[in-house]
Structure formats: structure tokens, C-alpha cells
Amino acid sequence: KQIIQHGETGFLVAEDNAPAFAAAIQNLQGNTELSLSISRKAAEEAAARFGIGKHIAMVDDIYRAATT
């Protein structure tokens, strides 16, 4: 699974495509609703994938597997 879902949690553009990068930024600048939506979804995804709760659960799973 990609960390960034295009149009949902950010925008994916080719590294050598400056016009596409500029267009993505302009799209966000001109659309506050989209910008807020992407920000919210990206923060939720980051917390779900990398938050402290996820980390604790992974460490707990490793500990239980090692001690049983």
C-alpha cells in the first residue's frame, strides 16, 4: 500500500515534472476544502500507520511471540 494516495492524502507527481508539481500546489492553493480534506486524511493515515498506539501494539506482538 502506498503511503500517499493520490488525491486523497496528497498528490503524486513524477520527480522530473515541475509543471505537474506546480499544478498540484496551485490546485491546493485554490481549493481550501480540498486542502483541508487532504490534510485531515493524511494526518489520520499517519496516526493509524505510525502512531504510538500502532507502535505499542507491534512491540507487544513481538514480545508475546518471543516469550511464548
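**Salt bridges and helices in the predicted model**

Four salt bridges are counted in this structure, which is a predicted model. Side chains of opposite charge can pair when their charged atoms come close. One of the salt bridges joins E8 to K41, with the closest N and O atoms 2.9 Å apart. Because E8 belongs to the segment before α1 whereas K41 belongs to helix α2, this pair ties together parts that are 33 residues apart in sequence. Both partners are partly exposed, E8 having a relative accessibility of 38% and K41 one of 28%.

Two further pairs each lie within a single helix. R49 forms a salt bridge with E45, the closest N and O atoms being separated by 3.6 Å, and these residues are both found in helix α2, four residues apart, or about one turn of the helix. R49 is partly exposed, at a relative accessible area of 27%, whereas E45, at 18%, is buried, since buried means under 20% relative accessible area. In helix α3, which comprises residues 52–67, R64 and D60 are likewise four residues apart, about one turn of the helix, and their closest N and O atoms lie 2.8 Å apart in a salt bridge. D60 counts as partly exposed, with a relative accessibility of 29%.

Helix α2 runs through residues 32–50, and its 19 residues reach 26 Å from the first C-alpha to the last, close to the 27 Å expected at 1.5 Å a residue. The buried residues of this helix are L34, S37, I38 and E45; seen down the helix axis, they fall within an arc of 95 degrees, so they line one face of α2. On the other side of α2, the residues T32, L36 and F50 are exposed.

Helix α1, spanning residues 18–29, has twelve residues and extends 16 Å from its first C-alpha to its last, close to the 16 Å expected at 1.5 Å a residue. Its N-terminal end is capped by N17, of which a side-chain oxygen lies 3.0 Å from the backbone nitrogen of A20. D16, in the segment before α1, is exposed, with a relative accessible area of 69%. The C-alpha atoms of D16 and A48 are separated by 31 Å, the two residues being 32 residues apart along the chain.

A nonpolar patch on the surface is formed by I3, I4, L12 and F50, which together have about 380 Å² of accessible area.

Note on methods
Residues numbered from 1 in each chain as written. Predicted model: local features only at pLDDT ≥ 70, side-chain atom pairs only at ≥ 80, totals over all residues. Heavy atoms only, no water. Patch = residues over 30% accessible without salt bridge, like charges linked within 9 Å, V, L, I, M, F, W, Y side chains within 5 Å. Areas by Shrake-Rupley, 256 points an atom, 1.4 Å probe, with all protein chains shown as cover. Salt bridge = Lys/Arg side-chain N within 4 Å of Asp/Glu carboxyl O. Helix = DSSP H or I, 4+ residues; strand = E, 2+ residues; numbered from the N terminus. Expected span 1.5 Å × (residues − 1). Polar contact = N/O pair within 3.5 Å; in protein donor to acceptor, adjacent residues only side chain to side chain. Buried < 20%, exposed > 50% of the residue type's maximum accessible area, 1.4 Å probe, protein only. Arc of directions from axis to C-beta.
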